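Subject: Structure handover

Dear colleague,

Here is the structure that I promised to pass on to you, with my notes below it. Please look through the model first and then read on.

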Amino acid sequence: MQIPFVNLRRQYEPILADLQNGLVNLIASNRAVGGAEVSSFESRFAKSLGVKYTVSCANGTDALEIVLRAWGIGVGDEVIVPANGWVSVAETVVLLGATPIFVDNHAETYNLDLDLLEEKITPSTKVIIPIHLYGNPVDMKRLMRIAASYREIRVLEDCAQAHGASVGGIKVGSYGQAAIFSFYPTKNLGALGDAGAIVTNDHSLVEHCRAIANYGQFKKYVYPILGRNSRMDTWQAKVLSLKLPYLDAGNLRRKQIANYYNNAWKNLPIQLPKADKNAVWHLFVIQVDNRDQIKEELIKKGIQAEIHYPIPVCRQPLFQKFRHPVGYPNAEQQASRVLSIPIYPELTDDEIEYIVDTVKTVIEGVAITNQPGR
Ligand SMILES: Cc1ncc(COP(=O)(O)O)c(C=O)c1O
């Protein structure tokens, strides 16, 4: 059996006919960037999250940069980010001339460790960027309480891996002053190419972000602020609108698979993911000894396991000067031990059984061959 890490062919099966019609209509509409299709997706997406506004853009990394630019983040400002997560979060901070301040990841939730947050806050802290890593929501109620006790600290939620996750019945993306999403094709809600969005309830931020994403113009051909081009293609908006109605069912199926894996593997010598009950299981990440060997064995048996991520962001050479000398023990340990097992709604029951059995056999086999004295 061959099980890829994502299966786009199956993912698109239910909407293929609609997509084909959509493409014909799109060409007939004479519009390929922006337009009514994009505005329609923006409203639907905002509604699905319970926020007022979505500003679409070209990808999630641009979304991060656009919000930070709109907030005027630059030289001398500090932005708190998780020690491990996705590289473009810290990259964007550095691009703007600001300083990323890394906070270690929690040993069990993998998210930014809220117990360590306050010791990193200084008078220069302007923004905290929590990532809902692997689809597991950060405790946003607690984080917002901490942030609110400091003047002038804003929270920008990174929901790129957590479409539809919630905390206390409220969707992530609606807690911070703003949030960003990526619709990279592998995400829980993925486009057929790159796309991203900013969501917020702040109308003035919306205007500012739209202008930045459109060359800095509020009015056509007048450029009062420094902007760039970051727009969503009409086609990607069409794809996303067609897929949005499937998101909740897909997330539910992910959760069922995660429960099944967790139960089936509870006696293995591995650390299973400890996620919130409202996680959306973008990834199923275990921690295991001899990780690289196990990954190789799984791939030999047709299971495309992956590593998210092998080198923690804080250890990337690019960020050397921003690292704290005492280091980030959880981020370091996780990077050497994490292994992502395929999890997505389109996995068949037979494939899930195959994954469950194969992971068991491989992990038990590798544990025996690596026993001391053998
Ligand atoms: C947590 C996180 N933030 C931001 C991004 C950036 O999104 P994009 O690839 O659309 O630029 C990603 C993408 O993988 C991500 O996983």
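A salt bridge is taken here as a side-chain nitrogen of Lys or Arg within 4 Å of a carboxyl oxygen of Asp or Glu, and by that rule the structure holds 16 of them. One of these joins the side chains of Asp115 and Arg142, with 2.7 Å from N to O. Asp115 sits in the loop between strand 3 and strand 4 (125–128) and Arg142 in helix 6 (residues 140–148), so this pair ties together parts that are 27 residues apart in sequence. Helices (H or I, at least four residues) and strands (E, at least two) are DSSP runs, numbered from the N terminus.

Before you go further, please note that this is a predicted model, in which local features need pLDDT of at least 70 and side-chain atom pairs count only at pLDDT 80 or more, whereas totals for chains, interfaces and linings use all residues. Residues are numbered from 1 along each chain as its sequence is written, and side-chain values use heavy atoms, with hydrogens and water left out.

On the domains: the assignment, which is an automatic or database one, divides the protein chain into domain 1 (8–244) and domain 2 (246–369), and their C-alpha centres lie 25 Å apart. In contact (heavy atoms within 4.5 Å) are 41 residues of domain 1 and 36 residues of domain 2. The buried area, meaning the accessible area (1.4 Å probe) that two parts lose on being put together, summed over both, is about 3,400 Å² between the domains, with carbon and sulfur atoms giving 55% of that. The rule finds 2 salt bridges across this interface, and Lys274 forms a salt bridge with Glu108, the closest N and O atoms of the two being 3.4 Å apart.

A backbone N or O atom of Gly60 lies 2.8 Å from an oxygen atom of the ligand, while polar side-chain atoms of Thr61 and Lys187 lie 2.6 Å and 2.7 Å, respectively, from an oxygen atom of the ligand.

Most residues other than glycine have a negative phi, and most peptide bonds are trans. Glu152, in the loop between helix 6 and strand 5 (154–158), has a positive phi, near 70°. The peptide bond from His308 to Tyr309 is cis, with omega near 15°, and Tyr309 is found in the loop between helix 10 (291–300) and helix 11 (329–337).

How values were computed. A polar contact is a pair of N or O atoms within 3.5 Å; within protein, one must be able to donate a hydrogen and the other to accept it, and residues adjacent in sequence count only if both atoms are side-chain atoms.
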